[in-house]
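Reader: I have a protein model open and would like to learn how to read a few of its features. Could you walk me through them?

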Amino acid sequence: VAAVGAGVGATPLLAMLETMVSKILTAGDELLPKEAHFYWCSRNANDFRFALPVIARILESPEVARIITVHLHLTVDPKEPEAKLFKKAACQWANTAAGAEVRDSHRLLESDEFVMGYESVVPGGVPVIFGRPNFEKMLRKLGANHPTEHVHTFVCGNKGLVSNLQQLCDACTVRATSKLSMQQYVLHHENFD
């Protein structure tokens, strides 16, 4: 299962994620997917703070973290002021967590590894990646990991995102059937403009 939310479109998917976490913790994972990925794309890094309670529940339980993976994507240009502030704050947190002095944050901010990868880690331990996810790679990997099961993708976002994911699901289904597989890639969506 993959869940993709864009901006405020993540809200209903966060509710679904919270339900999955609760069911894993109370009833086990018998009726739940073997693997679930939650992708949240936002232009505003502060939006991700809204999900910290459910992210914390996922990370606190190895049983839940074994099934659910959270992917946060900041889709603002890394050169924008907000992106620079976010990177600086993430570096300060990383330095503090590593026992380094906060005044050395410029060292991490300017390091080639950090800037080239545009990746940092929020205090909850979930990577925040600058740029959009590679949905084709994600769908193919889910299908390869579970070749006897259908791959369901839930999305709440604008028409462009929904259309893109529908095309990818259709292409993956065609590819699977050409290999004589019964596997299907099914998109469930809700649009907003």
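Author: Happy to; we will look at a helix, a cavity, a pocket and a backbone angle. Keep in mind that this is a predicted model.

Reader: Let's begin with helix H1 (10-27). How many residues does H1 have, and what span should they give?

Author: H1 has 18 residues, which at 1.5 Å a residue should span 26 Å. The end C-alpha atoms of H1 are 25 Å apart, which agrees.

Reader: Which residues of H1 are buried?

Author: First the general idea: an α-helix has 3.6 residues a turn, so residues three or four places apart point the same way. In this case, the buried residues of H1 are Ala10, Leu13, Leu14, Leu17, Met20, Val21 and Ile24. They sit on the same side of H1, because the arc they cover around the axis is only 120 degrees. Thr26 and Ala27, on the other side of H1, are exposed.

Reader: What do the buried residues of H1 pack against?

Author: Their partners are the strands S1, S2, S3 (68-74) and S6 (151-157), along with helices H2 (52-60) and H3 (62-65).

Reader: How should I think about empty space in the model?

Author: Rolling a probe the size of a water molecule over the atoms shows where empty space is left. Here, the structure holds one cavity of 30 Å³ or more. The largest cavity has about 60 Å³ of space, and its lining takes two or more residues from each of strand S1 (2-6), H1 and S2.

Reader: Which element gives the most to that lining, and what classes of residue are in the lining?

Author: H1 gives the most, with four residues. By class, the lining of the largest cavity has ten nonpolar residues, one polar and no charged. Among the lining residues are Val1, Leu13, Met16, His37 and Ile68.

Reader: And what lines the second largest pocket?

Author: That pocket has a volume of about 220 Å³. Its lining includes Cys41, Arg43, Arg132, Phe135 and Asn164. Strand S2 (36-42) and H8 each supply at least two of the lining residues. The classes divide into five nonpolar, five polar and two charged.

Reader: Last one: what should I look for in the phi angles?

Author: Most residues other than glycine have a negative phi. Leu180 has a positive value, with phi near 65 degrees.

Reader: Where is Leu180 placed, and is Leu180 buried or exposed?

Author: Leu180 is in the loop between helix H8 (159-178) and strand S7 (185-191). With a relative accessible area of 79%, Leu180 is exposed.

Definitions and conventions:
Residues numbered from 1 in each chain as written. Predicted model: local features only at pLDDT ≥ 70, side-chain atom pairs only at ≥ 80, totals over all residues. Heavy atoms only, no water. Buried < 20%, exposed > 50% of the residue type's maximum accessible area, 1.4 Å probe, protein only. 1 Å grid on protein atoms, 1.4 Å probe; cavity = no way out; pocket = protein on both sides within 12 Å on 5 of 7 lines; lining within 4 Å. Points joined across faces, edges and corners; volume = space filled by probe spheres on them. Nonpolar A, V, L, I, M, F, W, Y, C, P; charged D, E, K, R; others polar. Expected span 1.5 Å × (residues − 1). Arc of directions from axis to C-beta. Contact = heavy atoms within 4.5 Å.
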